[in-house]
Every structure is written in structure tokens, then in C-alpha cells.
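Below is a short briefing on a protein model, arranged by topic for reading beside the structure.

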Amino acid sequence: MNKKKKLIKAMTIITSHVNADFDAIASMLAAQKLYPGSIIIFPGSQEKSLRDFFISSTSYLFNMADPGSIDYSKVSRLVLVDTRQKNRLTQVSDLLNKNNLKIDIYDHHPSMDGDIKGSFEIIRKTGATTTILSKLLQEKNIVPCPEEATIMALGIYEDTGSFTYSSTTKEDLEQAAFLLSCGANLNTIVSFVVKEIKSEQVTWLNELLNEMTLHKINGIDIHISVISSPTYITDLATIVQKVVRMENLDIFFAVVLMDNKINIIARNTIPEVDVGKILSGFGGGGHSYAASAKVDNQTLAQVEIKLVERLQKEVKSIQIANHLMASPAITVEPHITCKKAGNLMTRYNINSLLVVDKHNNSYEGYITRQVIEKTAHHNLSHLPVKEYMNSETCYISSNADVSQIENIIIERKHRILPVIDNGWIKGVITRTDLLNYLVQHNKTLKQNDTELGVKKNAKKRKIENILYQRLDNRIKQLLQKMGQIGNEMGLNLYVVGGFVRDLLLNRQIEDIDIVVEGDGIEFAKVYAKKEGCRINTHTKFGTAVIIFPDFFKIDVASARLEYYTTPAALPIVEKSSIKLDLARRDFTINTLAINLNPDNFGTMIDYFGATRDLKDKTIRTIHNLSFVEDPTRIFRAIKFSNRFGFKIGKVTSNLIKNAIRIDCFKNLSGLRVLSELKQIFEEENPIPAIRTMEVYGLEKVLHKDLTIIPNTYQLLESVNKILSWHDLLFVDEQYPRWSVYFMALLNRCSFNVCEQICKRLKVPPKERTILFDMRYKAEKQLFVLESSSSSFSRQDLYWALINFNTEYILYMMALSKKQAIKKAISNFYTHQRNIKPYIKGRDLLKIGIHSGPVFSTILNQVLNVKLDGLLKTKKEEIQFATKYAKKNKLID
């Protein structure tokens with residue numbers, strides 16, 4: 001008989017947040033000394049170094065107990081250290097709801113929505129919570145032993161980055177000194193704080209660096225890296241910190257998919273941004289300078305998009321106009337001569353002047369020293385500045401941020417920028433002023449993205465060499481010519497989608513899709529006229545097909561966005577940018593684009609992590625509603641997964657299940673489903689795709705009574721072998737390959753089910769004949785052949801099969817269970833089906849046979865004898881026909 005487990009009775013419990021760090025551990029130890037007789041509940045940690053240290057070296061210092069061994073009815077006080085967030089206290093979540101429970105809180109994190117309110121609180125802005133508790137120990141003359149002092153000092157050293165983080169305070173240094181005086185061992189501290197990076201961590205360090213993208217939000221540079229790992233990355237926070245230091249980053253977010261969860265780690269060095277507040281929107285938290293969050297059931301692309309949106313909302317602009325501007329502004333009136341304007345520039349040692357009409361205090365433009373010098377060179381110095389000034393008037397207000405200033409001065413190439421409030425010019429900002437500011441703040445100017453033809457926030461990579469290595473000369477020259485013509489028309493051109501995907505995968509490229517930022521149809525017309533091609537256009541969708549003289553085709557489209565009025569409806573199309581055009585696509589791997597304009601030919605842009613997913617061999621959607629808006633994408637996900645040997649991402653798989661569960665196919669046209677099925681069945685081996693379809697229950701989309709059983713897969717495997725055999729014959733004959741698999745799938749369906757499937761899919765009459773009428777005839781004929789009790793002649797086999805097209809012959813071979821029948825049909829297909837008499841009707845006329853139905857009778861008799869191998873030449877056929885006609889009195 002098992003004894004009842006005796007529960008520990010404790011009045012005071014101490015705990016901290018899940019995934020505890022050294023500061024949390026040290027704080028619990030310090031709190032234990034302030035609350036004698038208390039019990040510590042260790043919340044666990046994912047950091048291996050901390051676990052090893054805690055378990056193997058110092059656990060004896062802690063009065064710990066397992067949460068399940070405590071009699072919570074006796075607990076009257078809960079001490080929380082280094083956190084106030086309920087969602088980070090899962091190990092004591094039930095205790096928090098206890099009536100009359102006193103809660104004491106010691107924390108250095110900033111206040112957040114949802115914070116637990118304590119009966120007693122000490123919240124201070126220090127670099128570590130341990131600092132707060134250590135000071136209390138010092139004030140109460142409670143001296144920790146050397147081992148305790150070492151752990152507590154370790155907590156301070158880690159959370160302040162060895163006193164290098166901007167959050168470090170005077171108190172942190174003072175308490176570190178106190179703990180050292182208590183015997184804290186610096187060698188032990190250094191062994192944990194100064195972490196040598198391991199070889200496997202170097203890989204992830206490089207991955208974060210390679211996948212880093214710069215986002216300029218309200219004038220602030222924010223770097224984001226998005227990567228994925230199939231396993232947990234040890235000491236990820238340390239790796240992230242090394243990236244920040246190596247690259248001297250102001251703000252860095254690492255978005256990492258590992259163990260099927262997305263982890264976000266943020267580091268920040270500027271006071272204008274609070275990363276803890278930003279990540280609170282993901283259920284995470286932390287400080288303004290360091291924070292983290294975990295996200296479930298979302299794709300990497302979604303999290304990245306949501307993060308950028310939250311940054312745009314939370315990151316406030318740094319208003320620097322007042323700080324940068326020179327005041328008062330030196331101006332010149334429009335009627336002043338260029339010579340006098342030049343004299344003013346020399347007097348004040350400036351390079352630009354604002355042109356202002358003082359009568360109505362209106363800003364008219366500006367003039368530069370270069371222009372003044374040119375007027376002098378051409379003897380035009382006597383003319384007024386209004387004749388040669390730049391009259392494009394841009395200005396800002398005194399509360400403008402750096403991004404607004406940079407946009408006008410750098411991107412729009414203005415040399416001087418007035419600051420105007422309420423119609424009055426307060427001062428001016430020059431290009432030199434802006435450059436000095438950027439240098440002082442360790443910032444670098446981005447190249448003018450508009451000039452590059454590439455939009456901001458895209459991950460860019462030059463792959464011109466790959467284009468030259470993997471494309472034939474015709475395609476390379478064709479793409480270059482398109483880029484040149486687009487450039488002449490002032491248009492940005494991109495080759496996109498499957499072309500780029502297959503190029504990177506080094507697969508055969510089947511289609512070329514061009515996207516034009518602008519009027520794609522107009523571009524197609526101009527190109528076709530210059531290159532002697534013709535085009536077909538579709539104005540509603542802004543698309544065109546360029547058809548070359550040899551019938552080679554290229555699809556051209558205007559960059560467009562699509563939205564759906566209802567689930568499964570056809571999209572409404574509007575013109576847009578390349579980024580929005582790519583965002584409407586089905587999966588991240590199809591969102592790559594390569595610029596074709598001459599200055600940037602071969603520059604690949606990646607907005608949605610496509611290169612990462614190609615590397616990870618994963619199919620991922622861009623949006624959560626992707627399958628609801630267009631359910632055919634489910635079939636495409638399966639097709640691409642099968643074709644490339646990729647896995648379907650966990651979140652994407654869940655989205656597929658959800659879309660099927662809510663019956664998103666109910667409004668979908670059957671023809672669109674049929675089209676996707678055909679594409680799957682046209683693959684080299686569609687059987688894995690069919691198995692995946694069955695896993696998701698997609699066969700029920702065709703009909704509720706359609707079932708796929710083991711015998712179905714046996715037939716499908718037989719079809720695959722027969723089609724592979726046919727491929728090896730190298731027969732130059734086209735046939736609907738998809739139909740053979742489809743017939744096999746329907747093989748065990750009843751007449752009514754097949755009829756309803758054809759109706760559901762709106763199968764066209766010609767294809768209905770294949771799947772329905774002729775399939776039954778083929779099955780019936782095969783049954784006759786296999787049921788024959790005696791062997792049949794070549795003539796019998798020929799006339800039994802000659803009226804069946806290739807797809808039915810192959811289907812019968814796959815369906816046949818008798819090897820002899822299978823061999824006979826294959827012999828018919830390879831040797832007999834193309835046997836024809838040499839003689840024609842005119843030969844029969846020459847031997848005196850009158851034209852009529854008798855011609856067919858005689859020619860068929862000739863064919864029968866020829867099938868038996870008894871007629872070898874045309875002469876022999878004529879002799880046989882003559883003899884046959886005389887015998888049957890068809891000639892005199």
C-alpha cells in the first residue's frame with residue numbers, strides 16, 4: 001500500500017519568471033536571506049550554462065522544493081523577484097488567485113499593462129534586480145558567504161553586460177563592490193559572463209548577419225534578421241549581443257523559428273526606443289534596452305510584417321530640425337542679379353541661397369554656387385536669380401524628423417532645405433549639416449533606392465553571375481533587351497516568381513514572367529513592335545503575352561495587388577508596386593524578383609524570406625487568410641512540396657486544415673480545382689502528393705464518398721511504372737498524362753459518384769469522355785481480354801485495342817493483373833498499332849476493283865494477314881488482294 005506523500009508546509013514562497021536568467025537566480029538567493037525559512041520554487045531555464053551551474057555547483061545554497069510537494073493552503077506570502085508579469089509565473093499561477101495572500105515584489109523592469117500589484121513593492125531603475133536586494137542586505141548588515149556573493153555578483157554582471165549596457169547605474173557598481181568585499185570570486189564570474197563562442201554558434205552568428213535587413217523607421221535605423229533552425233539554439237541571446245557589438249547596431253531584432261516556436265530577441269542602445277514595449281505586443285516584455293518574446297501559430301513572414309508594423313507605430317521620430325538648422329536664414333530676392341547673389345555667397349562662405357519674395361514672404365526656390373559660376377562663365381551674371389533658380393520648393397517644419405530631412409536632401413537631391421513654421425522661415429538645413437549629424441551618430445547613408453530601382457526594406461543580392469551561368473544566351477540577351485527598353489520608357493522591370501525560384505534551385509525553367517512597375521501592356525506593345533513579335537492582351541488584369549515568331553512566349557504584367565470580395569472568389573486587381581505585387585503571391589518561395597534595368601541587372605530582391613525558405617526546404621504562406629481567400633493554393637502547396645521535396649511548414653499545415661475545416665471550397669469553381677489536380681497529376685510522380693491530399697482529406701472536396709484505399713495506391717504505383725516505361729520509349733507522341741492517374745483514382749468509384757465528380761469539377765465534354773465513357777470501355781475491354789479462356793491471335797488483340805488512344809492503352813496496362821496480358825498490350829503498343837498496309841485504294845482500282853465499301857474489307861484482310869507476318873512487301877500485298885478479289889468474285 002502506497003504511503004500518502006507528505007507535503008511541505010511553508011509560510012513564504014520565493015520565485016521568479018520562467019526561463020530564469022542569472023539575475024533571477026541571484027535575486028531568489030538574496031531574497032531567501034531576507035526571508036528566513038522561506039521556500040524557493042525554481043522556475044527552470046533554457047540556458048544550458050545556467051542550468052549546469054545551478055544544478056551541479058550551487059543548488060545546496062538554495063532551500064528549494066518541487067511545486068508539487070508544497071502545501072499551498074499554508075502559504076501566506078509570495079515573494080516575486082525580477083518580474084511582475086502573471087504570464088511569466090506559470091509555476092505559481094494557482095497560488096496567485098489565493099485570497100488574503102501577501103505579495104512582495106522586487107523588480108527593476110519598467111511598469112507594463114497587466115503587472116501584478118503587490119502588498120509590498122520595491123521597484124527601482126537599476127541594471128539588475130539583484131542590485132536592489134543586495135543593497136537591502138547591506139543595509140540590514142546581512143553578509144552573504146563567498147559562494148552566495150559570487151552568485152549575486154554574477155547576476156549583476158550578466159544583466160549589465162559587465163557594466164557596459166546603458167541601463168547600468170551607480171548602484172549596480174556599488175553593490176558589485178560590496179559583493180566583492182564579501183568574497184565574490186571574479187574567476188568564476190568571468191567563466192560564465194565572458195562566453196567564448198562555439199563553432200556551431202558561429203554558424204548562427206553568420207546566419208543572422210547574412211539575413212539582416214535595414215528598416216529606416218521615422219529616421220531611426222532598425223535592423224531585423226529572420227532565420228530558422230530545426231533545433232534549439234544554445235545561448236541565442238549571447239549570439240544576438242555579439243551581432244550588435246560587431247556591427248555597432250543601434251537597434252536589432254532577431255526573429256528565430258526553432259522548435260516550432262518563433263523567438264524574438266531585441267537589443268537597443270538609444271533612449272528614443274523601448275523594445276520592451278514593442279515586444280509586449282507579442283506577449284513578451286523586458287526593458288527598453290533588452291527584451292524577448294515567444295510567438296506560436298504564426299509564420300515567420302507574418303511575425304516580421306507584424307513587427308515592422310508595430311515598430312512603425314511605436315517608434316517615434318527624433319525631431320532634429322531645430323537642432324540642425326542655421327538661423328537666421330540668409331536669403332536673396334528673385335530680382336537680385338546672379339552676380340550679387342554670388343557676392344553674398346562669398347561674404348557668408350555658403351554654397352546655396354534661398355530665394356524669397358519679401359513682399360509676401362513666400363519661398364520661391366533656391367540657387368547654388370555651381371549655377372552662379374555657370375552664369376558667370378556664359379556672361380549671364382547680370383540676369384536675375386529667378387531665371388536660373390531651382391523652383392521646386394520643398395520645406396519642413398521645426399518638428400521634422402531625420403527621415404523627412406534625409407528624404408528631401410538625399411533622395412530628392414536638394415542642396416538646402418528651409419525650416420518654415422506658420423509661413424515664416426526660421427532657418428535652413430544644408431546637405432553638410434545632415435552629413436555631419438549622420439557621421440556624429442554613427443549612421444551611414446543608404447544609397448538612393450529610387451535610383452537603384454529597388455524598394456526599401458528588401459533583402460538584396462547580386463546574382464548576375466548565376467544568370468550568366470544557368471541561362472542560355474537567348475534568354476540572357478532577351479532579358480537584357482527587355483531591361484533596356486523598360487529603362488528607355490522610365491519603367492522598372494523584374495523577372496519574378498517561379499523563374500527566380502527555379503534558377504536558384506538549378507532546375508529547368510519553364511516560364512518567364514515579367515512584372516512592370518507601370519503599364520505592362522504598353523511595355524509589351526513597345527517591345528513587340530521593336531522585336532517583331534505579336535501580343536495578346538488582357539486589359540482587366542493588366543497582362544499581356546508576347547509571342548515570338550517561333551511561338552516562344554513571355555508573360556508580362558503590370559505590378560498589381562489583389563483583394564478578394566469573398567473567400568474563393570476571383571480577385572479584384574489594382575496597379576501597385578513590385579512589393580505589393582509579390583505580397584499577393586501564394587508562398588514565400590514564389591516572391592523573389594530580379595531587376596532587369598541596366599544599372600541593376602541581376603539584383604535579386606527578397607521581401608518575405610524566400611531565400612531562407614528555399615534553404616530550409618519549406619513551403620510557407622505569407623498571410624494567415626491565404627487559403628481562405630484562394631483555396632486552390634492548398635493544392636499548389638502540395639504540388640510544390642512534392643515537386644521540390646520540401647516540407648509544408650507547421651503553421652502553413654495548420655492553416656490548410658483550418659481552411660478545409662471551414663469548407664472554404666464550397667464557393668470555389670470546379671474548373672479551378674480540376675486545373676490544380678491536372679497540374680499535380682502531370683508531375684513526374686504525383687503519388688506522394690496524392691498521399692498528402694488524403695492526409696488533409698482533400699479527396700472529399702471531389703466527393704464525400706470518394707475513398708482512397710491501399711488498392712488505389714497499388715494501382716497508382718502501377719500507373720507510375722507504366723508511364724516511366726513509356727517515357728523510356730522516347731515516343732514522340734503527346735497524350736494527357738494527368739488523365740491516366742485520374743482514371744486510376746476513379747477506378748473503384750461507382751457510376752453515380754464518377755458522374756457527380758465530373759459535374760462538381762465541371763469537366764469539359766472531351767475530358768469527361770476520357771474520365772467517364774472511354775475509361776469504362778477500356779476497363780470492359782480489359783475484362784474481356786483477361787477473361788478469355790483461350791489464347792488470342794495478333795489480329796484479335798489488334799482489333800480489340802486499335803480504337804483506344806495512348807492514355808487508355810497505358811491505363812489498361814497498369815490495371816491488368818495478368819503479366820501475359822500486360823506484355824501483349826505492350827507488344828501491341830510498341831510493334832503492332834502502327835502497322836498499316838502499303839497498298840491504297842488507287843492500287844485496288846488498278847487491279848480492276850470498283851471503289852466502294854469493299855475497299856475497306858480488302859484492306860482489312862490485307863492488314864490481318866500482315867499482322868500474322870505473312871505479307872512483307874507491297875507486291876505481296878497486291879498479289880494477296882488480287883487473289884482475294886477473284887476468290888470473292890470482286891473482279892472478272
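**Briefing on the predicted model**

K460 stands opposite I605 in β26. The strands β17 and β26 (residues 603-606) run antiparallel and are joined by 4 bridges; two strands count as paired if DSSP finds at least two bridges between them. Helices (H or I, at least four residues) and strands (E, at least two) are DSSP runs, numbered from the N terminus. This is a predicted model, in which local features need pLDDT of at least 70 and side-chain atom pairs count only at pLDDT 80 or more, while totals for chains, interfaces and linings use all residues. Residues are numbered from 1 along each chain as its sequence is written, and side-chain values use heavy atoms, with hydrogens and water left out.

**The sheet**

- β17 and β26 belong to an open sheet of 8 strands with mixed pairing, in the order β17-β26-β25-β18-β19-β22-β21-β20.
- β17 (459-462) and β20 (534-538) are the edge strands; each has a single partner strand, so one side of each has no neighbour in the sheet.
- On average, neighbouring strands of this sheet are turned by 25° against each other, direction ignored.
- Helix α18 (residues 473-488) packs on the sheet and touches β18 (492-496), β19 (513-517), β21 (543-547) and β22 (553-558). Contact means heavy atoms within 4.5 Å.
- The direction of α18 makes about 150° with that of β18; axes are lines fitted to C-alpha atoms, for helices over the stretch in contact, and angles run from 0 to 180 degrees between N-to-C directions.

**The β20-β21 hairpin**

- β20 and β21 pair in the antiparallel sense over 5 bridges, and I535 has I546 in β21 as its bridge partner.
- The two strands form a hairpin with 4 residues between them, and G542 in the turn has a positive phi of about 65°.

**Nonpolar cores**

- The largest nonpolar core has 119 residues, of which L479, I514, F742 and L801 touch the most other members. Helix α34 (residues 806-815) gives the most to this core, with 8 residues.
- A nonpolar core is a set of buried Ala, Val, Leu, Ile, Met, Phe, Trp, Tyr and Cys residues joined through side-chain atoms within 4.5 Å. Buried means under 20% relative accessible area, exposed over 50%, and partly exposed in between (1.4 Å probe, protein chains only).
- Beyond its neighbours within four places in sequence, L479 contacts L471, F499, I512, I514, L596 and F601.
- Another core, of 38 residues, lies apart from the largest one and has L34, Y106, L136 and L137 among its members.

**Loop residues**

- T126 sits in the loop between β5 (120-123) and α3 (129-139) and counts as buried because its relative accessibility is 7%.
- Leaving aside neighbours within four places in sequence, T126 is in contact with residues including H108, S167, E171 and D172.
- S162, in the loop between α4 (146-159) and α5 (170-181), has a positive phi of about 55° although it is not a glycine. S162 is partly exposed, at 29% relative accessible area.
- F730, in the loop between α29 (710-728) and α30 (737-745), is another residue other than glycine with a positive phi, near 55°. F730 counts as exposed, at 70% relative accessibility.

**Confidence**

- The protein has a mean pLDDT of 86, and 92% of its residues reach 70 or more; pLDDT is the predictor's confidence in each residue, from 0 to 100.
- Confidence is lowest in helix α16 (residues 449-452), with a mean of 32, and highest in α3, at 96.
- The pLDDT is below 50 over residues 444-456, a stretch with 35 contacts in the model beyond near neighbours in sequence.
- Over residues 563-568 pLDDT stays under 50, and the model has 20 contacts for them beyond four places in sequence.
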